[in-house]
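Please look over the sequence and the model below before reading this briefing. The points that follow are grouped by topic.

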Amino acid sequence: MASPPDPRLTPDGHHLVVDGRRWRATDPSIPQTFRAELVAELMTARRLVRTDPGTARPRVRDAKVALGERGRPWWEAGDDQDRQARMEAVIRSLLRHRAGRSICPSDVARTVGGSSWRDRMAEVRTVVWRLADEDVVRVTQGGRAVGPGSKGPIRVVPGPAFPLPG
């Protein structure tokens, strides 16, 4: 049985109202497993704001963009640049949260693409390879680094220029 809707949500489901203030709601199309990881990363980053704001604030921003709470509103179509910025934020947030474990490009597509995530796979791979060119991530297959011409399943791990958690 589905849980009842949050009474703090606006009728359109786009915002939460807390103490009379509207806050953008999390994209409801994000699968629960990825939502939980992104929320955990957000909470970890928020706890660091007082002790290491220079590291924490970009992490908070990445997690909020990944959740759809910042950047182009998730209920608007947006353009390639908006979508790819969100994909980058998802990649960074999931890699930080997983602390050394890899992510699959489909994790990113499922987070950003909702039920049509398969339609986003080519775009996610493009973003992954761009980040790999910038040394932000490394792309592996069977634990070994691979290049853009590789076929088959790939994994993404932090690269030498990855912004490490504080």
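In this briefing a residue is called buried when its relative accessible area is under 20%, exposed when it is over 50%, and partly exposed in between (1.4 Å probe, protein chains only). The model is predicted, so local features need pLDDT of at least 70 and side-chain atom pairs count only at pLDDT 80 or more, while totals for chains, interfaces and linings use all residues. Residues are numbered from 1 along each chain as its sequence is written, and side-chain values use heavy atoms, with hydrogens and water left out.

**Helix α1**

- Helices (H or I, at least four residues) and strands (E, at least two) are DSSP runs numbered from the N terminus, and α1, at residues 32-48, is a helix of 17 residues.
- From its first C-alpha to its last, α1 reaches 24 Å, close to the 24 Å expected at 1.5 Å a residue, where the expected span is 1.5 Å times one less than the number of residues.
- The buried residues of α1 are Phe34, Glu37, Leu38, Glu41, Leu42, Ala45 and Leu48.
- These residues cover an arc of only 140° around the axis, which puts them on the same side of α1; the arc is that of the directions from the helix axis to the C-beta atoms.
- An α-helix has 3.6 residues a turn, so residues three or four places apart point the same way.
- On the face turned away from the buried side of α1 lie the exposed residues Gln32, Thr33 and Arg47.
- The cover over the buried residues of α1 includes α2 (53-66), α3 (80-98) and α4 (105-113), with contact meaning heavy atoms within 4.5 Å.

**Individual residues**

- Arginine 35, in helix α1, counts as partly exposed at 31% relative accessibility, and, not counting residues up to four places away in sequence, arginine 35 touches Thr26, Ile30 and Leu67.
- Aspartate 107, in helix α4, is buried with a relative accessible area of 10%, and, leaving aside neighbours within four places in sequence, aspartate 107 is in contact with Phe34, Leu94 and Arg98.
- Glycine 147, in the loop between β4 (144-145) and β5 (155-158), is partly exposed, with a relative accessible area of 34%.

**Pockets**

- On a 1 Å grid over the protein atoms alone, a pocket is an open set of points with protein on both sides within 12 Å along at least five of seven lines, and lining residues have an atom within 4 Å of a point.
- The largest pocket has a volume of about 440 Å³, a volume being the space filled by probe spheres set on the points, which are joined across faces, edges and corners.
- Of the 25 residues lining the largest pocket, Arg72, Asp82, Arg83, Arg86 and Val112 are the closest to its centre.
- The largest share of the lining of the largest pocket, six residues, comes from α3.
- By class, the lining of the largest pocket has seven nonpolar, six polar and twelve charged residues, where Ala, Val, Leu, Ile, Met, Phe, Trp, Tyr, Cys and Pro count as nonpolar, Asp, Glu, Lys and Arg as charged, and the others, Gly among them, as polar.
- The second largest pocket, with a volume of about 290 Å³, is lined by 13 residues, of which Leu16, Leu42, Arg46, Lys64 and Glu69 lie nearest its centre.
- The largest share of the lining of the second largest pocket, five residues, comes from α1.

Conventions. On a 1 Å grid over the protein atoms alone, a cavity is a set of points where a 1.4 Å probe fits but cannot get out, and a pocket is an open set with protein on both sides within 12 Å along at least five of seven lines; lining residues have an atom within 4 Å of a point.
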